[in-house]
Amino acid sequence: MMTIALTHIRLLVEDIETCKAFYETTLGLGTAEVEVPGIYYEFAAGPACLGLYTRELMQTVAGVAQSAASGDQAVLTFQVDDVDAVCTALRSRGVQLVSEPHNQEAWGLRVAHLRDPEGYLIEINAPLRSG
């Protein structure tokens, strides 16, 4: 049995600084716990995190075109024990991956992407193993 846990809902945005100000001040989530100015902000939001990420960079990571009009608005992010094993299991169930398992060194994660039946983008990830 594989372990899968929702860790983040990542909103894909055009104007990340305006969105940061909204969630931080207007909505009242407080200071972002992770800040990579102009690229990524992460807020504590209960057991999962709310992440703000630029739509343009998600295109690079997932390999899918993103635009405000036609691109993804959000990514559901799940942590798993082993990305490659989960992808093998998903393929055996008929799932087509949007991006094959690959390392995102800057994030310290191994990731892969797929879509649910309604087309929502899903990322599965696991911490990179050292050694």
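Predicted model: local features only at pLDDT ≥ 70, side-chain atom pairs only at ≥ 80, totals over all residues.
Tutor: Local features here need pLDDT of at least 70 and side-chain atom pairs count only at pLDDT 80 or more, while totals for chains, interfaces and linings use all residues. Residues are numbered from 1 along each chain as its sequence is written, and side-chain values use heavy atoms, with hydrogens and water left out.

Student: Why is Asn125 called buried?

Tutor: Buried means under 20% relative accessible area, exposed over 50%, and partly exposed in between (1.4 Å probe, protein chains only). Asn125 has 5% relative accessibility, so Asn125 counts as buried.

Student: Where is Asn125, and which residues is Asn125 in contact with?

Tutor: Asn125 sits in strand β8, a strand being a DSSP run of E with at least two residues, while a helix is a run of H or I with at least four, each numbered from the N terminus. Contact means heavy atoms within 4.5 Å. Leaving aside neighbours within four places in sequence, the contacts of Asn125 include Phe78, Val80 and Leu109.

Student: What makes a set of residues a nonpolar core?

Tutor: The members are buried Ala, Val, Leu, Ile, Met, Phe, Trp, Tyr and Cys residues joined through side-chain atoms within 4.5 Å. The largest nonpolar core has 12 residues, among them Phe78, Val80 and Ile124. Its largest share, 4 residues, comes from α3 (83–92).

Student: Which residues does Val80 touch?

Tutor: Not counting residues up to four places away in sequence, Val80 touches Thr3, Ile4, Val86, Ile124, Asn125 and Ala126.
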